[in-house]
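Please look through the sequence and the 3D structure shown below. The paragraphs that follow go through some of the features, one after another.

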Amino acid sequence: MNRHPLFLGKPVRLFLLLAVAFAAGMFVEKAGYFLTPHSYPPPGVEKTFAPFWETWHLVEKHYVDRSAVEPHQMTQGAIAGLLASLGDFGHTTYLTQQELEQMKGGLAGQFEGIGARLGIRKRQPVVVYTFPGSPARAAGLRNGDVLLEVNGKSAVGLPVDRIAALVRGPAGGVVHLRIAREGAAGPIDLDITRAEVDVPDVTWHVLPGVPIAHLAIENFGEKAHAQLLDALKKTRAQGVRALLLDVRGNPGGLKDQAVAVTSEFLKEGNVFLEQDAQGRRTEIPAEPGAHAADIPIAVLIDEGTASSAEIFAGAIQDHGRGKLIGARTFGTGTVLQPFGLSDGSAVLLAVMEWLTPNGRQIWHTGISPDVEVALPEGVSILLPETEGDLDSASLAKSEDVQLLKALALLKEQIP
């Protein structure tokens, strides 16, 4: 299962590495402005576009539902269809002006939303966790609830971050959710008032009975590296001798944060490679001064691990730094460049792709675990924030078999 916080922060910076499908690609980090494309027709397309304009005029003249014949909406649909034809589902995409404003942020740690983490199970969006004191918990949203609709729009089959974008909005606004709940006779409707919620990028908990910390990198937001350093310091002070690093459901984040976090576990070498359309490769080296280059680690991954989280997992695997346990990652390997359009909307276009340090392609392929462990249907993963009441016996009985397998492997490595 993958997970994602249903929040949106106030705009912090323009070029972010955002997850657009069950995660997403990266924005190229430029000087903080959108590149504007040409607005004139390219040469030689008159004949190619003739059927399009023929269809447009037919719709405009003959379509029976006159209220649906709206030129701006039709244009947006045409752009979305053009980009969909490229086959880069969930990466290259079109954002309306409203969607663009919703996507400008979310990596600063201060969010406006309902306070729940969303996951995917059998291609359905499922609530993984509601934060204490959050609007979601107050409204009665529960772990395991399946999200059917957001404000009347179907959420089934949509990418996680597109769903999250629908849920997010200004504090004080109301979002209407329709959910399916096990044991309920039919769908349940909930109106939830959004609020500001602080969401950490890194959470951790020392597991009971073992000197091992479960450290989850939830998102590569702008505080990820600083929070990781704080976690490493505090876990070391508690006598931790191994780290169980969890990037299950991590949708990605800022490139510089991915490099900084990954570098803490590597003594040298590259974190990843960037490759442009002409096949030219640029090495992105690890930063010096690693604080956790020698401690034993294992990394949990799943089908929701994407973008910057795949950079992290791929580097750990290629450098032989630790075993990857779980399921094949999502396979988001394109670098997205935002191009602003004249009406305030934008196109996110894949302009480069990234490779693991050994040159392995991740786009459409994903990263395979060293030890494949499937999570049983209906089982929720353990999160550090939910482990406070666990003792050794209850941990051993957990249904999170991915975590238990990684824990067993780590125990063998503890000196």
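Which side chains meet in a salt bridge with an N to O distance of 2.8 Å? They are the side chains of Asp 145 and Arg 181. The model is a predicted one, and this contact is taken from its atoms. Asp 145 sits in the loop between helix H4 (135-139) and strand E6, while Arg 181 sits in the loop between strand E8 (174-180) and strand E9 (188-193). The two residues are 36 residues apart, so the pair links distant parts of the chain. Both Asp 145 and Arg 181 are buried.

Side chains of opposite charge can pair when their charged atoms come close. The structure holds eleven salt bridges. Another one joins Arg 117 to Glu 385, with 3.4 Å between the closest N and O atoms. This pair also links distant parts of the chain: Arg 117 is in strand E4 (residues 110-121), and Glu 385 is in the loop between strand E20 (371-372) and helix H9 (392-396), 268 residues apart. Arg 117 counts as buried because its relative accessibility is 2%, and buried means under 20%. Glu 385 has a relative accessible area of 25%, so this residue is partly exposed.

A further salt bridge is formed by Arg 248 and Asp 246, whose closest N and O atoms are 2.9 Å apart. Arg 248 is buried, with a relative accessible area of 0%. Asp 246 counts as buried at 0% relative accessibility. Salt bridges that share partners also join Arg 117, Glu 218 and Glu 385 into one network.

Next comes a helix. Why is helix H8 (residues 308-318) largely enclosed by the rest of the structure? Eleven of its eleven residues are buried, and therefore H8 is largely enclosed. Among these buried residues are Ile 311, Phe 312 and Ile 316, and also Glu 310, Gln 317 and Asp 318. Ser 307 lies in the loop between strand E16 (297-301) and H8. The phi of Ser 307 is near 55 degrees, a positive value in a residue other than glycine. Ser 307 is buried, with a relative accessible area of 0%. H8 is followed by Gly 320, which has a positive phi near 60 degrees.

Asn 151 is not a glycine, yet has a positive phi of about 50 degrees. This residue is found in the loop between strand E6 (146-150) and strand E7 (153-154). With a relative accessible area of 45%, Asn 151 is partly exposed.

The largest pocket has a volume of about 1,200 Å³. Its lining is made up of 30 residues, and those nearest its centre are His 38, Ser 39, Tyr 40, Ile 79 and Leu 82. Two or more lining residues come from each of H1, helix H2 (71-84), strand E18 (334-340) and strand E19 (346-355). H2 gives the most, with seven residues. By type, the lining divides into 19 nonpolar, nine polar and two charged residues.

Together with Phe 49 and Trp 53, Leu 82 makes a nonpolar surface patch of about 310 Å². Trp 53 is placed in helix H1 (residues 46-62). The relative accessible area of Trp 53 is 44%, so this residue is partly exposed.

Note on methods: Residues are numbered from 1 along each chain as its sequence is written. This is a predicted model: local features need pLDDT of at least 70, side-chain atom pairs count only at pLDDT 80 or more; totals for chains, interfaces and linings use all residues. Side-chain values use heavy atoms; hydrogens and water are left out. Patches are made of residues with over 30% relative accessible area and no salt bridge: like charges are joined within 9 Å, nonpolar side chains (Val, Leu, Ile, Met, Phe, Trp, Tyr) within 5 Å. Accessible areas come from the Shrake-Rupley method with a 1.4 Å probe; for residues, only the protein chains shown count as cover. A salt bridge is a side-chain nitrogen of Lys or Arg within 4 Å of a carboxyl oxygen of Asp or Glu. Helices (H or I, at least four residues) and strands (E, at least two) are DSSP runs, numbered from the N terminus. Buried means under 20% relative accessible area, exposed over 50%, partly exposed in between (1.4 Å probe, protein chains only). On a 1 Å grid over the protein atoms alone, a cavity is a set of points where a 1.4 Å probe fits but cannot get out, and a pocket is an open set with protein on both sides within 12 Å along at least five of seven lines; lining residues have an atom within 4 Å of a point. Grid points are joined across faces, edges and corners, and a volume is the space filled by probe spheres set on the points. Ala, Val, Leu, Ile, Met, Phe, Trp, Tyr, Cys and Pro count as nonpolar, Asp, Glu, Lys and Arg as charged, and the others, Gly among them, as polar.
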